[in-house]
Amino acid sequence: MSKILIIDDEPKLRELLARILSLEGYEVQKAENAQIALPLIHQDLDLVITDVRLPDVNGIALTKQIKELVPYTEIIVLTAYGNIPDGVMAMRNGAFDYLVKGDNHIQMLASVPRAIEKSQQNKEFYKKNQINATQFPTNKVKAQDNFNLIIGESETLKQSIKVAQKVAKTDTSVLLIGETGTGKELFAKAIYQESNRQNQPFLALNCANFPKDLLESELFGHKKGSFTGALTDKKGLLEVADKGTLFLDELGEMPIDLQAKLLRVLDTKTYFKLGETQARTADFRLICATNKNLEEEIQKGNFRADLYYRINVFTIFLPALKERKNDIPALVMYFLEDLCKKMNLNFPKISENFSPALQKHDFKGNIRELRNMLERALVLCENNTLDIESLPTNLQQSIPNVLPITPQNTLAEIEKEHILRVLYAHKYNKNKTAEHLGIGLTTLYRKLAEYNIQEQF
C-alpha cells in the first residue's frame, strides 16, 4: 500500500484530505507542522503533501529538506493563493506539483497516483544505480517494453516498426514524428530496449513541462549558488544518461537559445553545468519526438535549422489512429485487459456494435484518447457489458450508422436515425443535409431541436 504524509496546520483540511486519500486506498499519516513531520519522513514514504505556510517553516524550504532526506519521495505543495515565484521555487526544490487549495480535489487526485508512480520508479533507479544525490524524474523501462507492446497490423504501423527495429541496434539519433498520443514514448522505449545500451540508463524529459531556466537546469545540471534557489549541486540528465539513452519529448517546445546548447553537446560531446567552467563529457544516444512540423517551425524562426539537420538522421513517422482504424479492435482488447487488471474488474462482455462504433470516431487524441475512453466505459457500463451506451454522448451521436433500427422503433425514432445518418454522411454540413433530405434548412433546424440532436461542430 502506498504511503502518504499530509502536513497542514488547518485541522479540518488535514482531516478532509486524509479521509479522501484513505478512501482511495492509501495509507495516510498526518502532521500539523514540520517538527512533527520530519521524524515521520522515512525510506518507505512515497508522497508528501504539504502546505506552503506552516507555523514553523516555509513549505517550499521544507520541500528541499525532505528531498535531501529521501530524494526519491515525491512532494505536492499546496497553497491558498497561486503564486508563480513560489511555484517556480517549489519545482526547483524538487516538488512534483504545485496546486491551489480550494479549486477542487479532482486535480489533486489526478496528481497523486502519478507522483506515487514516479516515486516508485525513482526508488528502483536509485537502488540500481546507488544514487544518493538529489535527482530528477526517471523512467524505468522493463524488458517487456519492446516492439511487442506496439499493437496493430496496419501497413503504415508495421513499416514504422520495421524501420525502428533496424535503427535500434545503432547509436544513430532518431526523430519520432507524430500527433499527440500516437505512442512516441512507447517507440522510444522499444528502440532503447533493443539497443546495445539497454543495460544503461533511460532518461526521458518532456520539454513542454518546464520553463526555460528549469529546462536548462534539468538537462545540464547546476552548481550550488549558480542562480537564485540553487541551494545544492544538481546532476543533470546529460550526466546521469551517460552511456545510456536520452529521450527528449516535445522537442519543438525547446527555447531556441537552449537548442544551440543542445547542438553543441551533440557536435562536441561536451557540455557545461550551470555555474561551472570545467567542461564535462557526454556519451548518450539521443531519441527525440515532436508533434510539430519542424521545417515549418524553422521558417517561423522557432527552431534551428542546424539542430534539425543534426537530429534528422533517422526519422520515423507514427501514423495517427484515424489512419489505422482497423487496429482499433485489437487495441480495445489489449487496453481492456490491462485496465481490468489495474482496476480489479472482471473482463466485460463486449457487444457486437462496440468496436465498430469506436472505428467511426476520429480520435484527435489518438491512442491515449482511446484508452481514456475505455477506462470511462468500464466505470459506466451496466451489467459488465460494454455497448454504445457506455460511450460519451457526443460520440454516440457521431456514429448513427451503427445504431440499430428494429421493427419496434417508432416513426419518430426512425426519422431521427435517418437524419443522423445523413448528417454524418455530409460531415454535419446542414445545407447539404437539408438538400439531401429534400427539406428546407429551417425545417432541418426545427427537426434537430425537436429530436435534441446536439451540434457536432
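Me: Let's start with one residue. Where is the place of Glu74?

Reply: This is a predicted model, and in it Glu74 belongs to strand S4, which covers residues 74-79.

Me: Is Glu74 buried or exposed?

Reply: A residue is called buried when its relative accessible area is under 20%. Glu74 comes out at 1% relative accessibility, so it counts as buried.

Me: And which residues is Glu74 in contact with?

Reply: Set aside the neighbours within four places in sequence, and you still find Asp46, Leu47, Val48, Lys67, Gly94, Phe96, Ala115, Lys118, Ser119 and Asn122 in contact with Glu74.

Me: Zooming out, how many helices and strands does the protein chain have?

Reply: You can count 19 helices and 14 strands in the protein chain. The chain has 457 residues, and 47% of them are buried. As for the accessible surface, that is about 23,000 Å², with 49% belonging to carbon and sulfur atoms.

Me: How do I read contacts along the sequence?

Reply: Take the contacts in the protein chain with a separation of 6 or more: residues 24 or more positions apart account for 67% of those.

Me: Which residues touch the most other members of the largest nonpolar core?

Reply: That core has 31 residues, and the ones touching the most other members are Leu219, Leu246, Leu248, Met254, Phe284 and Ile311. Several elements each supply at least two residues, among them strand S7 (202-206), helix H8 (212-220), strand S8 (245-249) and helix H10 (256-268). H10 gives the most, with five residues.

Me: Let me pick Phe284. What does it touch?

Reply: Not counting residues up to four places away in sequence, Phe284 touches Arg197, Leu238, Ala241, Gly244, Leu246, Val265, Leu266 and Lys269. There is also a second, separate core of 23 residues, which includes Ile328, Leu331, Leu374 and Leu391.

Me: Now a helix. Which residues of H18 are buried?

Reply: Helix H18 spans residues 430-437, and its buried residues are Lys430, Thr433 and Ala434. Look down the axis of H18 and these buried residues fall within an arc of 95°, so they line one face of the helix.

Me: What is on the other side of H18?

Reply: There you'll find Asn431, Glu435 and His436, which are exposed. For that label, the relative accessible area has to be over 50%.

Me: Which residue follows H18?

Reply: Gly438 does, and its phi is positive, near 75°.

Key. Residues are numbered from 1 along each chain as its sequence is written. This is a predicted model: local features need pLDDT of at least 70, side-chain atom pairs count only at pLDDT 80 or more; totals for chains, interfaces and linings use all residues. Side-chain values use heavy atoms; hydrogens and water are left out. Buried means under 20% relative accessible area, exposed over 50%, partly exposed in between (1.4 Å probe, protein chains only). Helices (H or I, at least four residues) and strands (E, at least two) are DSSP runs, numbered from the N terminus. The arc is that of the directions from the helix axis to the C-beta atoms. A nonpolar core is a set of buried Ala, Val, Leu, Ile, Met, Phe, Trp, Tyr and Cys residues joined through side-chain atoms within 4.5 Å. Contact means heavy atoms within 4.5 Å. Accessible areas come from the Shrake-Rupley method with a 1.4 Å probe; for residues, only the protein chains shown count as cover.
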